[in-house]
Amino acid sequence: MSETLRQVGIDIQESEENRGLIAAIRSDNPELTVRHLPGLVKIQAAGQIVINRETVEREIGREWETGEFQLAIVSFAGSLSEWDDDRIIVKWEH
Amino acid sequence: MQYELRYQVLEPKRQTYQNVIDRFGDQPASRYLEATLDVEPRENFHYRPTWDDSRELYDADYSVLKLADPYSYTDPRQFYYTPYVTNRAALHDEFNKQLNYLEERELLAKLPAAWRTVLSSVVLPLRHYESGAQMVSVGGARFAYGTSLEQCCTFAAFDRIGNAQMLSRVGIAIGEGTGELLQVAKREWLDSEHLQPLRRFVEEAMVMADWAEGLVAVDLVDSLVYPVLYRELDEVALTGGAGAYSLFTQYLHTWFKDQRKWLDALITAWARDERHGEANREHLARIVATWNPLAHEAATELARVVDRQLPDAGAVAALARTTTAAEQRWAKITGDAA
């Protein structure tokens, strides 16, 4: 049975602090589409979006806890299938 | 009457400044990149410096260590003026609170006699070392090629004077509000046997014509002295009845970790540069071979004095551990260049 990959998406508030986060998501997910709306950055990908703590830390130049992700997001489409200290994965589980 | 509410997106004519667009295309960029990339002038200099007509005012040739593109290096901390100032103001506020606490309870004045001696003959004189290291950083701030390097040096120079101020304030607090102890510390710096190798080292680094060599040389001393005095000795202080020492050294140790972030990244960038990497690695190896024995001698003298006053401190042993760690770190960041 073949499945088409459904789109998952995250909307991130556009701000100076979140720019590094967006850059990190971009470098970890090459298939990403990014749209800039006023005050909002909508990112979408087929299947899943991965956010690695290490990549984010490299981009923003300081320590980052995955919990801080909550301060950045406005909404998301998909399920949070994994959320631990090092990694967040958004994808559809069903 | 009906109203229809619609939102309309006004596309900005440009997302960022031209200096960033030239490199990364027209997309929103961080304030750090906007304030850093290609800011330093590169062409159309009217005349050459009167004191050196073989070079331009801003010239890559002020150092043998070069990057093909100085902006391939960026500060991992992404410090430009505002975040730097905010960050350091917070650090100094915290330090002030700690110092007030120590002063209110006269904890520094109650330090055991041996610790007082260690402070006045080893730790406090280091404010003159910090001052020398500041001059070396200022040299980098002036002569480094590329804003990304130059601004790191500028901030490091301010940090150094901040460190010297922290030490001075501790000295004044121990001297119960007088500068007596600082005067003692200055005499030690000028006359005492055990401080002369370090003094000579930093003075020679100050007059190095090559700003980068001076910077790396000072870093070689830093990576021995800071871990020994401000981390290892701090642990001894906690168990040896000198908790006050521990309370203020943690700031210097925190600073050193922060300093490592940009300096390690810079040394790595030099060692791995695609065009100049090989030459840079040779120069780095030469710099280490020249300065490291002197750095080691300077640090050993300090450790010996500490051990004489505090037989349980084991500073010489701590120095040996630190040396191994520093060598391993160096091999890692340079890709085994030296």
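Guide: Partly exposed here refers to a relative accessible area between the limits for buried, under 20%, and exposed, over 50%. The model is a predicted one. With a relative accessibility of 42%, Arg62(A) therefore falls in the partly exposed class. Its partner in a salt bridge is Glu68(A), and the closest N and O atoms of the pair are 3.2 Å apart. Glu68(A) is partly exposed as well, at 24% relative accessibility.

Chain A also holds a salt bridge between the side chains of Arg53(A) and Glu57(A), at 3.2 Å from N to O. These two residues sit in helix 2 (residues 53-60) of chain A; because they are 4 residues apart there, about one helical turn separates them. Arg53(A) has a relative accessibility of 22%, so it counts as partly exposed.

In chain B, Arg200(B) and Glu204(B) form a salt bridge whose closest N and O atoms lie 3.1 Å apart. Both belong to helix 8 (residues 196-206) of chain B, with a spacing of 4 residues, about one turn of the helix.

Over all chains, a search of the whole structure gives 29 salt bridges.

Conventions
Residues are numbered from 1 along each chain as its sequence is written. Chains are lettered from A and ligands numbered from 1 in the order in which they are written. This is a predicted model: local features need pLDDT of at least 70, side-chain atom pairs count only at pLDDT 80 or more; totals for chains, interfaces and linings use all residues. Side-chain values use heavy atoms; hydrogens and water are left out. A salt bridge is a side-chain nitrogen of Lys or Arg within 4 Å of a carboxyl oxygen of Asp or Glu. Buried means under 20% relative accessible area, exposed over 50%, partly exposed in between (1.4 Å probe, protein chains only).
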